[in-house]
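Please read these notes beside the model.

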Amino acid sequence: MTKGQAISLQKNDGGSLTAVRMGLGWQAAPRRGLFGSRTREIDLDASAVLFADKQPVDVVFFRHLVSDDGSVRHTGDNLVGGVGQGGDDEAILVDLARVPVHIDQIVFTVNSFTGQTFQEVQNAFCRLVDETNGQELARYTLAGGGAYTAQVMAKVHRAGPGWTMTALGTPANGRTFQDLMPAILPLL
Amino acid sequence: MTAELVRGQNHPLSQAHLEIRVSAGTPVVAAATLGDEGGTVRGVEWVAHPGTPTLPGLEVSRQAAADHRLAVDLDAMPEAVHRVHVLLSLPQAGGGPVRFGAVAAPFVAVTGLDGSGVASYTITGLDSESAVVALELYRRQGAWKVRAVGQGYAGGLAELLTDQGLPQARQLASGIHEAVAQGLARSVQAPPPRTADGDRSRQTAASAPGPDTSAPTPHGTQGHHNAVGPYTTHGAPGSPSVPPVAGPGAGDPSGPAPTDPSTSGPTPPSAGPATGGPIDYSHPRRGTSAPPPPPPTAPPAAPGQPAQPVAGDATGWSMEERLYNQIWGMFEDLARTTAAYRSAVDFAESRLEKEIDQVLSDPRSRIGGQGDAAREAALARQTQLVDQARQALDRDLAQLVAESDVVEPALPPAFAGWDNPVWHSYRVPMEIPMALRLGDLGLPESDRLRIPLLVRLPLERGLWIDSGRTAMADDAFVDTHERRRLAVESAVAHTARLLAVYPADEFTVHVIDPAGSGAQALGPLVHTGVLAGPPARGAAGVADVLGRLTQRVDLVQMALRGGVADSLPPDFDTAQQLLVVNDFPHGFDDRAVTQLRYLADEGPAVGVHLMMVADREDAAGYGPLLDPLWRSLLRLTPVPDDHLADPWVGHAWTYEPALVPPGSAVLETVLRQVAAARTKRS
């Protein structure tokens, strides 16, 4: 999907999407021959910020793995990345039916904690998946994506009885989601 | 590889890109100051703090948190900088602890960017200080080194910054606290120990969950953190903070290895029939070698309907473990669904206030009925959101109540309340259960729902039945005398439970009642003959019992350290020991107090446990000397009181002790069976 495109998370059969997963994957830094331990690891972090009326209410990231209400869960911090074959190295699961009634937007972000820009990271991607059937709703390739250390990826927001997802793909810079708040607010 | 520093020790730093990891077990503010050759901080622009988190070569977190990762690039430091001090301070806002002495010792580690350890330092010995210089990074002949400092300041950040020669120290300190207070409004807590795969996962005692990679809590401090428990409220007068109930399996890893339920838990009742044959060939004590019987699963739900709850619908190697995990799952679900509700209601309130303010400040609203209409609309929006939140809460509560209705009747005695019929068919057990119910937990939003408060056995910490004033009880109706009687009564109920759930002769109870004031309430324990001896009276009785138990702890510790655990004297009582102390500190001299503290610290690891029935005010004369004692115990109240917090969102839960229904003889009947089983063996 392309930047700015919005898709409704209502299913064709009339039911609405109940659970989405934001997956993030990247390839670990290549080992340096003799002194392998001095390889600079690449640590990308996925975060989700929960907003009510443009106010951040809760956030799920590597230091707070479950939102207080339990509807958003992070599968845990991966500090080094994977083999780069398309599997998610970090994932955030959102149980849309359980999101508190006042939360109207959830914004997903990706940050490079160790500071490499997406140009330097191999096979990095992030994607949104319908958790109920494994179908991919959106996918971004981060690798080679420019000299940025962060991206505001997408937002899932309430629309009528269900939820709609809008792809944002806005590049930004920062180490954790806190640094991205100024970049996120205009996108709400 | 990691050098463990002690105060004053230094260590060379070979790399310039570093990360400083802090874990404190409670939210702390992390900041850093840069100093010139003389150690002076030249101005506010040389301080990195939550309001100004980034300086050249240095970045700190914007908010208070239990865990921090500070990025440091020594190469990027200005030439003039010769020292970097890493500071920790307790936040002033948020009602948390106000002195480091009331929380676990903070732990700081210097690591490479890949997490490889360079040096670490546990800041011990802090007391009334609320700010501390943790580490110093300093240039020495062109190379950087790190030194463990640990200098605390009772006057807080202001005093600390003044001491570093900063002229505007006081203003800056209040500015930092201001920035933190703003951040606290959306405070992020350290995640509770929990496996990553989410709901109701299996957490046996044997695999006490380690810290996750993002929270580098060393094992040594994890236990310490749990021990801090219930008295933050008491250690810090006026502080409304609520202590956490330890999470499942979140015990002190250095403590006794709790019985692994997978190897010695009771054989699940369904084991025989479930495998299909009349004879079960599997070894009853080798549960792990055979796959566990499948858990009862909920039948498929009708479309649009929630699944019918089933008792034991959780993971585990035995029915007992499944029920245990299911109860913890219900506990977490209730905590979280209530958090969602409260958060929505708070939001609706604050939005209403904001909208009404707008109406009031808008001059147009003074004309005609426009203002009233806008006010009505704002109110309607608030009501609608609160109604929606209540609906979501009611939906979840209905499901949890239904689950509770099937789970409660299925509970074994150790997990069941005294009113549960399972106690009427009580038999002295052959195995130690995983956990014991000490009472119920509830929240005001969900009157009907009570979550059992289960603690792991053997007890990982002592119990304190508080006979003092409680926040919730209406003291006009409960006088001092009555409170003390109720406290002894609930101590008797807890003690009877412990005696009943241990196999015969595996649990020995000693009672100290120096003035005999608990004699009437202690009656059931005394005349059923389940005690090791009559309650000890007077100073001589206190000294005698404490002396014997202290000696026992010494003996077992020596045997364990010497690796000769099997060479204890043949007449040695191998049972777990419980000492119930009523009316503390009546009858205690200094020596007895010291022995009691020793038992509280060292006892649990060698099977000697403590149950204090005490009013902290009675022991006020000892001053802070006893703070560590109160902190090490789990505080329970004889009457409902909201002093326990869950490990996920920290709600204040109302605890109700597990008491015998009035007029019921169940306790005495059970104790008689315990005594009879004991006589048969001896």
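**Notes on the model**

1. Val401(B) is partly exposed, because 14 other C-beta atoms lie within 10 Å. The cut-offs here: 20 or more other C-beta atoms within 10 Å of a residue's own make it buried, 12 or fewer make it exposed, and counts in between make it partly exposed, with C-beta atoms placed from the backbone. Val401(B) sits in helix α8 (residues 370-410) of chain B. Helices are DSSP runs of H or I with at least four residues, strands are runs of E with at least two, and both are numbered from the N terminus.

2. On provenance: this is a predicted model, in which local features need pLDDT of at least 70 and side-chain atom pairs count only at pLDDT 80 or more, while totals for chains, interfaces and linings use all residues. Residues are numbered from 1 along each chain as its sequence is written, and chains are lettered from A and ligands numbered from 1 in the order in which they are written.

3. What does Val401(B) touch, leaving out residues up to four places away in sequence? Its partners are Arg448(B) and Leu449(B). Contact requires C-beta atoms, placed from the backbone, to lie within 7 Å. Between Val401(B) and Leu449(B) the C-alpha distance is 6.0 Å, across 48 residues of sequence.

4. Thr114(A) is in a loop of chain A, between β7 (105-112) and β8 (125-130). Is Thr114(A) buried or exposed? It counts as buried, because 23 C-beta neighbours fall inside 10 Å. Its C-alpha is 5.5 Å from that of Asp43(A), 71 residues away along the chain. Beyond four places in sequence, Thr114(A) touches Arg40(A), Glu41(A), Ile42(A) and Asp43(A), plus Leu113(B).

5. Consider helix α11 (residues 538-561) and helix α12 (residues 590-602), both of chain B. Their axes come within 10 Å and cross at roughly 40°. Axes are lines fitted to C-alpha atoms, for helices over the stretch in contact, and angles run from 0 to 180 degrees between N-to-C directions. The pair α11(B) and α12(B) is therefore oblique. Angles under 35 degrees count as roughly parallel, over 145 as roughly antiparallel, 65 to 115 as roughly perpendicular and the rest as oblique. Residues in the contact include Leu546(B) and Val553(B) from α11(B), and Leu596(B) and Leu599(B) from α12(B). The contact of α11(B) with α12(B) has nine nonpolar residues, three polar and one charged. Nonpolar means Ala, Val, Leu, Ile, Met, Phe, Trp, Tyr, Cys and Pro; charged means Asp, Glu, Lys and Arg; the others, Gly among them, are polar.

6. Helices α9 (residues 480-501) and α10 (residues 519-527) of chain B have axes that come within 8 Å and cross at roughly 15°. α9(B) and α10(B) are therefore roughly parallel. Here the contact of α9(B) with α10(B) splits into seven nonpolar, one polar and two charged residues.

7. The largest nonpolar core has 158 residues, and Ala48(A), Ile92(A), Leu499(B) and Met612(B) touch the most other members. Helix α7 (residues 319-361) of chain B gives the most to this core, 16 residues. A nonpolar core is a set of buried Ala, Val, Leu, Ile, Met, Phe, Trp, Tyr and Cys residues joined through C-beta atoms within 7 Å. Leu499(B) has among its contacts Phe507(B) and Leu671(B). A second, separate core of 66 residues includes Val81(B) and Tyr153(B).

8. For chain B overall, there are 14 helices and 21 strands. Buried residues are 47% of its 682 residues.

Technical notes: Two residues are in contact if their C-beta atoms, placed from the backbone, lie within 7 Å.
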